[in-house]
Amino acid sequence: MSPLDDELRALFQERADVLAPSADPMAGIERRAKRMRRNRVAASVAGSALAVAAIAVAVPLLRPHAHGRASQLGTPGPSAPAVLEPSPSDGLNLDPQHPWAYRGDKALIAANELASLRAEWATSHPGSSLSPLYGHVYEPSQKPEIAFVATSPDGDRWGVATSSDAGWTFPVDKSLAGPTPVLMAAINGDEVPRLIILAGPKTGQISYARDGVNFQDYPGLDVGVVFVPLEGDTSHDAVQVLDGNGNIDAPVFEGPAPDASTNTPSPAPGSAPANALEWAPRGATPAPALLEQATAAFATSLGAKRQDVEARVLYAGTDKNNAGYVFLQAWIHGEQAHTFGFVSDGKGGGEPFLGPVIAAKHPVILAFVIAFPQSESLVLIAQPGVGPFSYATSATAPYQQVGNGRSDLNNVAVIDRDPKATSDRVEVLAGDGMQVLYRGPLQPLLCGATSCG
């Protein structure tokens with residue numbers, strides 16, 4: 001053995017004397033083995049997280065085409081994944097391009113039935129793509145009823161189809177302005193008309209108030225599907241839809257219900273629909289360019305052609321920045337009238353507001369908001385001949401009669417409003433100053449065609 005070997009052996013013996021031996025050598029081995037297994041599991045989880053992150057990054061690269069399929073931007077490799085059809089949305093708002101999943105009796109949309117429904121719809125709406133939303137058999141008549149949404153280059157629509165021996169008929173055929181949280185229509189029933197309320201699969205309780213104030217919960221035939229019998233005076237009825245958490249302070253929708261007469265045959269082009277208000281225009285006379293701009297914006301908001309819409313002025317004026325504004329009732333030929341607001345920006349553009357379909361019986365009061373960076377102007381337009389207005393800034397504040405030059409003799413009030421206000425109220429009295437025509441929250445009066453603001 002060489003001197004070098006002797007030195008190495010002595011060195012190793014010295015180091016061994018310093019280290020204390022393990023009381024259980026096998027325990028140390030077992031701990032090391034467990035640690036190795038944990039490290040392998042951690043590495044596996046980290047690999048999964050990276051894979052999910054890679055998918056999340058890849059998803060935004062998909063863009064929908066007009067026909068509903070998706071194309072991947074960039075140049076895919078030879079093993080690129082197959083492109084899938086967009087799945088139905090289960091969100092709160094109905095997106096006609098990605099409609100809610102079908103609910104109800106699936107036998108009603110078996111291949112032949114759905115094919116015939118689509119074919120008959122296409123005879124009056126060529127180029128449409130129809131997607132069923134809900135279907136059931138109406139027990140008194142034993143006739144199938146299917147609610148649906150349809151897209152086409154001419155605009156999105158929704159409707160209700162009824163089947164009979166003669167084929168499909170369409171008691172409801174309405175245009176859609178865009179994503180909406182609830183579909184509503186009054187349709188015929190066995191003894192009285194029925195209100196169909198169709199909301200998304202993630203919505204919660206649906207309630208109905210015949211007087212527009214006292215809401216009553218209604219059981220659904222399926223999630224987000226309710227039918228309400230329309231009995232008695234329904235000229236002020238309203239609907240409330242909550243989210244899946246039942247948040248009463250922030251309903252998905254709260255606003256007026258369509259009247260039972262809104263599905264009667266519409267007047268011919270050139271004449272006003274049955275729900276048009278016979279109110280004379282008030283305020284200033286809008287500039288012709290502003291009126292044309294507003295009417296064109298209304299057509300755009302409903303996906304209609306300018307030549308297919310008409311409008312009547314309700315009130316016009318100028319805001320504190322001297323920009324012109326006009327509030328209208330407007331309609332597509334053959335359809336019901338909406339309220340509509342337009343505020344010019346003075347640069348060729350403006351801010352539109354699409355209101356709901358006007359109740360068949362004249363409303364007491366209409367409300368619009370003109371927004372500024374730090375403030376708002378509230379414009380209240382009431383039935384001609386009513387009495388004074390009063391306004392309360394919150395649910396607990398007292399009503400204060402609007403005056404000091406901010407209310408004119410034509411029953412219009414312009415009020416400075418806090419942009420953060422959510423519980424302010426309005427009161428309108430009859431001409432004798434005794435009878436209350438409206439007293440309640442302002443928020444429902446500010447509901448648009450698809451949401452409240």
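Author: Ala, Val, Leu, Ile, Met, Phe, Trp, Tyr, Cys and Pro count as nonpolar, Asp, Glu, Lys and Arg as charged, and the others, Gly among them, as polar. This is a predicted model: local features need pLDDT of at least 70, side-chain atom pairs count only at pLDDT 80 or more, and totals for chains, interfaces and linings use all residues. Residues are numbered from 1 along each chain as its sequence is written, and side-chain values use heavy atoms, with hydrogens and water left out.

Reader: How do the residues lining the second largest pocket divide into nonpolar, polar and charged?

Author: The lining has 22 nonpolar, 8 polar and 5 charged residues. A pocket here is an open set of points on a 1 Å grid over the protein atoms alone, where a 1.4 Å probe fits, with protein on both sides within 12 Å along at least five of seven lines; lining residues have an atom within 4 Å of a point.

Reader: What volume does the second largest pocket have?

Author: About 900 Å³. That volume is the space filled by probe spheres set on the points, with grid points joined across faces, edges and corners.

Reader: Which residues are closest to its centre?

Author: Of the 35 lining residues, His236, Pro256, Tyr438, Pro444 and Leu445 are the closest.

Reader: Which elements give two or more residues to that lining?

Author: Strands E14 (253-256), E19 (350-357), E20 (365-371) and E26 (436-441) do. E26 gives the largest share, 5 residues. Strands (E, at least two residues) and helices (H or I, at least four) are DSSP runs, numbered from the N terminus.

Reader: New topic. Why is strand E4 called largely enclosed?

Author: Because 7 of the 10 residues of E4 (residues 129-138) are buried, the rest of the structure largely encloses this strand. Buried means under 20% relative accessible area, exposed over 50%, partly exposed in between (1.4 Å probe, protein chains only).

Reader: In which sense do E4 and E5 pair, parallel or antiparallel?

Author: Antiparallel, over 9 bridges, with E5 covering residues 143-151. Two strands pair if DSSP finds at least two bridges between them. Proline 132 stands opposite phenylalanine 148 in E5. The two strands form a hairpin with 4 residues between them, and glutamine 142 in the turn has a positive phi of about 60°.

Reader: And E3 with E4?

Author: E3 (residues 103-104) pairs with E4 in the parallel sense over 2 bridges. Arginine 103 has tyrosine 134 as its bridge partner in E4.

Reader: Now charges. How many salt bridges does the whole structure have?

Author: A search finds 8. A salt bridge is a side-chain nitrogen of Lys or Arg within 4 Å of a carboxyl oxygen of Asp or Glu.

Reader: Which side chain does arginine 194 meet?

Author: Arginine 194 meets glutamate 145 in a salt bridge, 2.7 Å from N to O. The pair links distant parts of the chain, strand E9 (residues 194-199) and strand E5, 49 residues apart. Arginine 194 and glutamate 145 are buried.

Reader: What about arginine 157?

Author: Its side chain and that of aspartate 173 form a salt bridge, 2.7 Å from N to O. Arginine 157 lies in strand E6 (residues 157-164) and aspartate 173 in strand E7 (residues 167-175), so the pair ties together parts 16 residues apart in sequence.

Reader: Is aspartate 173 buried or partly exposed?

Author: Partly exposed, with a relative accessible area of 32%. Arginine 157 counts as buried at 16% relative accessibility. Arg157, Asp173 and Glu335 are linked in a network of salt bridges.
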